[in-house]
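Please keep both in view.

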Amino acid sequence: MTYIEPAPIKDKENPLESMMQRFDAAVKILGISEEMYYILKVPARQVTVGLPVTMDNGQIKVFEGYRVIHSTILGPSKGGIRFDPAVNIDEVRALAAWMTWKCAVVDIPYGGAKGGIACNPREMSAGEMERLMRAYTISMLDIFGPDKDIPAPDMGTGPREMAWLMDEYSKAKGMTVNAVVTGKPLVLGGSLGRTEATGRGVMVSALAGMEKLRLNPYRATAAVQGFGNVGSFAAKLLQEKGVTICGLSDISGAYYNARGIDIEKTMAYRNANNGTLDGFKEADLITNEELLALNVDVLVPAAKEDVITHENAANIQAKLIVEGANGPTSASADDIINSKGIMVVPDILANAGGVTVSYFEWVQNRIGYKWTLDRINRRSDRMMKDAFDHVFETSQKHGVSLRLAAYIVAIDKVASTYKFRGGYG
Ligand code: NAD
């Protein structure tokens, strides 16, 4: 299964605009000056390149590639590379800002970046993909670097593409530089624990939220939308902590069993069934809309953006929503959910376990040592829990939702670091 570095997918309801609305609201609460507002908003660097690639039919095709460094105030910038026909500079710019806030909220010493190439990986051969990735790497030689800008996979790219990037960059530098990119195959210096890291962070966030709501995991029930990388590991780990998983869903439909669903068996079923739950018989078939409205304690949207909207938010019965996906709740649904008293652990906090273990991959590469899985899990659990506590305290202090509090924590961190460092003016 390819994994995706935290990043939302743009669609008609535009989760990126939802992010900007929340950013603006947090800036207002913090009372940030207009100058600082633009320092935080305008990307530090934007690069567009033309990439001529010889296709399998012998013809040369020119692709457009981008890299946007939103901020390097906290450290080298970090963010995935997306291969998708819809990639454009505006989207990459917004996704780069999203990475800045995500890294800041979990206290990782990184700024935010994002890259992309407008191409269709489904229509390209492995050879064409490799030539494109290598051409992109060469064109970004003075942008990328373990101390400057560290890419990772995103939509349409995975460990294979990261291996090509690392190889091309290393050849150009005349030495092996595995810390230039994360999300590599294990043998090239990838980290143990990365595959389940995001789901694991969702589990830690869910338990932290349940503790605040005084929900006992052994008596609690949950529904998980999406049974891919994030959803299946979140469900499995929550079940291991005692939570009864009554509802699950994927692209084939949703499944409900009040007595609980055995997640390990269900993962085995999915793996043997072309990656979907189609035909799953251990639960009743319901719709994805019904799954969102189930009478459970915890709801984990872990499929895609904009699934909780002003149209269905009123139907939600869960006491706690933990956002495994990026942008699953549109800004217009926030008020409805808040007025119902539902606690939401927002995406930039709840799904940051993935970027946390990517950070660990970079740390291990730089010290030339491999940590055990146990050490990685303990450290990422602690970072996720600390981040949750910080966001929770901030929400109490300002009397705002956890979502707004997460933006306040992130923006405050970047703004105050900028002030200490001093600008050019
Ligand atoms: P994935 O492709 O492994 O899984 C997606 C799952 O959602 C699949 O089970 C798919 O069938 C299901 N799905 C798709 N459309 C659906 C629909 N309309 N209704 C119900 N289910 C549907 O993807 P993933 O890596 O698990 O990512 C899921 C979300 O989490 C995305 O928003 C992604 O950006 C975000 N995310 C992922 C990571 C990571 O490390 N993988 C990190 C942070 C955020």
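The model is predicted: local features need pLDDT of at least 70, side-chain atom pairs count only at pLDDT 80 or more, and totals for chains, interfaces and linings use all residues. Residues are numbered from 1 along each chain as its sequence is written, and side-chain values use heavy atoms, with hydrogens and water left out.

- Five strands form an open sheet in the order 1-2-4-3-5, with mixed pairing; two strands pair if DSSP finds at least two bridges between them.
- Strand 1 (45-54) and strand 5 (149-153) are the edge strands, each pairing on one side only.
- Helices (H or I, at least four residues) and strands (E, at least two) are DSSP runs, numbered from the N terminus.
- Strand 2 (residues 60-69) pairs with strand 4 (residues 111-117) in the antiparallel sense over five bridges, and Tyr-66 stands opposite Gly-116 in strand 4.

**Salt bridges**

- The whole structure contains 22 salt bridges, each defined as a side-chain nitrogen of Lys or Arg within 4 Å of a carboxyl oxygen of Asp or Glu.
- Asp-147 and Arg-366 form a salt bridge whose closest N and O atoms are 2.8 Å apart. Asp-147 lies in the loop between helix 4 (126-139) and strand 5, and Arg-366 in helix 12 (residues 353-367), so the pair ties together parts that are 219 residues apart in sequence.
- Arg-200 and Asp-381 meet in a salt bridge (2.7 Å, N to O). Arg-200 belongs to helix 6 and Asp-381 to helix 13, so this pair ties together parts that are 181 residues apart in sequence.
- Arg-82 forms a salt bridge with Glu-91, at 3.6 Å between the closest N and O atoms. Arg-82 is buried, with a relative accessible area of 2%, and Glu-91 is buried at 4%; buried means under 20% relative accessible area, exposed over 50%, and partly exposed in between (1.4 Å probe, protein chains only).
- A network of salt bridges links Glu-130, Arg-134, Asp-167, Glu-168 and Lys-171.

- Gly-190 lies in the loop between helix 5 (159-173) and helix 6 (194-212) and is buried, with a relative accessible area of 2%.
- Leaving aside neighbours within four places in sequence, Gly-190 is in contact (heavy atoms within 4.5 Å) with Lys-184, Pro-185, Glu-361 and Lys-370.
- Leu-373 lies in helix 13 (residues 373-398) and is partly exposed, with a relative accessible area of 33%.
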